[in-house]
Amino acid sequence: MSAVGFDFGNDNCVVAVARQTDIEIVLNDESECETPSIVSFGVRQRYIGTAGAAASLSNPTNTISQIKRLLGRRFSDPELQHDLKSLPFLVTKGPDGYPLIQVQYMGETTTFTPTQVLGMLLFNLKSIAEKSLNAPIADCCIGIPVYFTDPQRRAVIDAATIAGLSPLRLLHETTATALLYGIHKADLTETEQLNIVFVDIGHTSMQVCVAAFKKGELKILAHSFDRCLGGRDFDEVLFQHFAARFKDKYKIDVFGSAMACLRLRAACETLKKVLSANPEAPLNIEGLMDGKDVKGFIKREEFEKIIIPILDRLKQPLKKALDEAGLTIEDIHSVEFVGSGARVPAIIKILTDFFGKEPHCTINASECVAKGCAMQCAILSPRFMVREFQVNESFPFNIAMSWNINVSDTENGVMDDQNSTIVYPIGNPIPSVKAMTFYRYGRLTLDVLYADVMKLSGPAKISTYMIGPIPSTNGERVKLKVKVRLNIHGIVSVETAKVVDQDETGKTRKTSVHITEVLYGGLAAIDLQKAVEKEFAMALQDRAMEETKGRNNDVESNVYETQDKPAMTPTPTDKALDTDDIVQPRQDSSPQASRPTTQRLLPRAIFSITEDSDTEEPDLSFMDVPISCKNPLEQTFPCE
Ligand code: ATP
Ligand code: MG
Ligand code: K
């Protein structure tokens, strides 16, 4: 019995589990709370997490990092192309237009999709949790950035499937933080609304959310973000600074050597961290290039000068979040900052100046997303009982639907004309179900797309639904009801299409119409199945290698202690990663234990989420005949 939360960061991952009385962070094999988001491919096995990070300088071209940046994006995506420039591994364009990562693995050139690599990371995180729980994971929630698009969200779900997980919810990282904050806040009242701003600055991106708290509930008032503003931008400024310095001083051009670039970038990141706590910091790298040792030095003052352009960009998402929430600075009770990228003192100063008050760091900046996700998981899981607490989430995008208009009955009807409307506007609750009503014959082709392309870096179109043939006689228009769902993960899909009419006795009759879904991106079911099998085989291989190593270490002691035991031969079959391998929760036969599996969690702070998903909202009715046409049906309105 378990509820697990995963924070997969661009830089680091964190795992939290709900135990009987509280949420706890799970430490990895190295007893660290943060596990690097890195997979390194070797000659005999993969190295994931901390072991992978250790290989990033010795085996850079086969060591994959920054996977969150590549996930669910097209190869042509300008942001992806920009990111690729500073990554040491090879990424090519796959036949479907999505990136493929190419590595040497077990002596062969192999390609993986970013989704598969995330699957590997999640598989590793899952093992970390299972080791701590001593049981297989039942339920989990995974944190995602609020700016993740539909294909990115689907890619996370696919990666989870590859890892053998089926998340109850993909939860926005800032919402996870707000949830964790709210559940521990004892002084909330029913009458007074507290507006809190959460600012998360990670390695590559910044997210802001404004949440309103009352006793027993939180409502997200606004989300905003900058997908390309995070800790690494500070590293980059330092990198450019020292690259230029060293060109003058040592006559070396680091851009001429991938390894020199890697080493200088890593040193600059360390330098940045040192500057967070010290007024000045040195930079020394032995044999950086052409056998030359380099020495550098920077004062915090100078660092703060060269990062002014980045600091300025921080204000934009802050303003936007307030505007969208319809609040002014005076309405904000307090500001909380999280994410390790925010440890730069100059950032705290920007926040202080902007809000006119010092930001707090009440919650642990690196743990809060994982813990918030574990809390959400416990709330959603039937295995835990949690006190009434509503999480009212809000959707960050405008989602539109467009459809083909039936060729009009008139001679000069317009062919191929399109109609469209926004079905899920920014701020729409998640989850949400809407019904669209059409009056038509033939076939309906519905496109789901982002209405606000400016907010994206990828294409606007998400999916197409071909609905039909619509059963109608003599080209007569019939009433077609289409149910659209914005699910709990923030993924939009058309669920059902039904013709609504009356039978001979006058009773309402609903007839399902066939739907074909076309997704632009994502794995086909068969490829996903193959990926699941491949991950299984690779994990088996890793485990066999690890066990061989472990056995070699144990050999000495075994030789003396168990001379008479038969020798152990490592066969891959006895290492299958099925659940039988993992200790099951204890089966207690006492009457106490045979009660339904409901655990008490956090006796002081018990809460749950309200799901308004299945209460159909008022119909959106669409009349897709040109307005000039006569329309015999009532209760419809022409859609612009
Ligand atoms: P993301 O949220 O973008 O997916 P993440 O969650 O992995 O990434 P965090 O772990 O929150 O990111 O933050 C990582 C960033 O924080 C890195 O850029 C790292 O250099 C930076 N960082 C860590 N410690 C410090 C410090 N002491 N001072 C300044 N920056 C720091
Ligand atoms: Mg993060
Ligand atoms: K529950």
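**Second largest pocket and the neighbouring sheet**

Strand S6 (46-48), helix H1 (50-54), helix H4 and helix H13 (525-561) each contribute at least two residues to the lining of the second largest pocket. The model described here is predicted. The second largest pocket holds about 1100 Å³ of space. Its lining comprises 35 residues. Those nearest the centre are Phe123, Asn124, Ser127, Lys131 and Arg543. By residue class, the lining consists of 15 nonpolar, 10 polar and 10 charged residues.

H4 spans residues 114-133 and lies across strands S9 and S10. The helix runs at about 90 degrees to S10.

The sheet is open and has three strands. Their order is S8-S9-S10, and the pairing is antiparallel. Strand S8 (90-93) and strand S10 (108-112) stand at the edges. Each has a single partner strand, so one side of each lacks a neighbour in the sheet. From one strand to the next, the twist averages 35 degrees.

Strand S9 covers residues 99-105. Four bridges join S8 to S9, and the two run antiparallel. Lysine 93 stands opposite proline 99 in S9.

Conventions: Residues are numbered from 1 along each chain as its sequence is written. Chains are lettered from A and ligands numbered from 1 in the order in which they are written. This is a predicted model: local features need pLDDT of at least 70, side-chain atom pairs count only at pLDDT 80 or more; totals for chains, interfaces and linings use all residues. Side-chain values use heavy atoms; hydrogens and water are left out. Two strands pair if DSSP finds at least two bridges between them. Axes are lines fitted to C-alpha atoms, for helices over the stretch in contact, and angles run from 0 to 180 degrees between N-to-C directions. Contact means heavy atoms within 4.5 Å. On a 1 Å grid over the protein atoms alone, a cavity is a set of points where a 1.4 Å probe fits but cannot get out, and a pocket is an open set with protein on both sides within 12 Å along at least five of seven lines; lining residues have an atom within 4 Å of a point. Grid points are joined across faces, edges and corners, and a volume is the space filled by probe spheres set on the points. Ala, Val, Leu, Ile, Met, Phe, Trp, Tyr, Cys and Pro count as nonpolar, Asp, Glu, Lys and Arg as charged, and the others, Gly among them, as polar.
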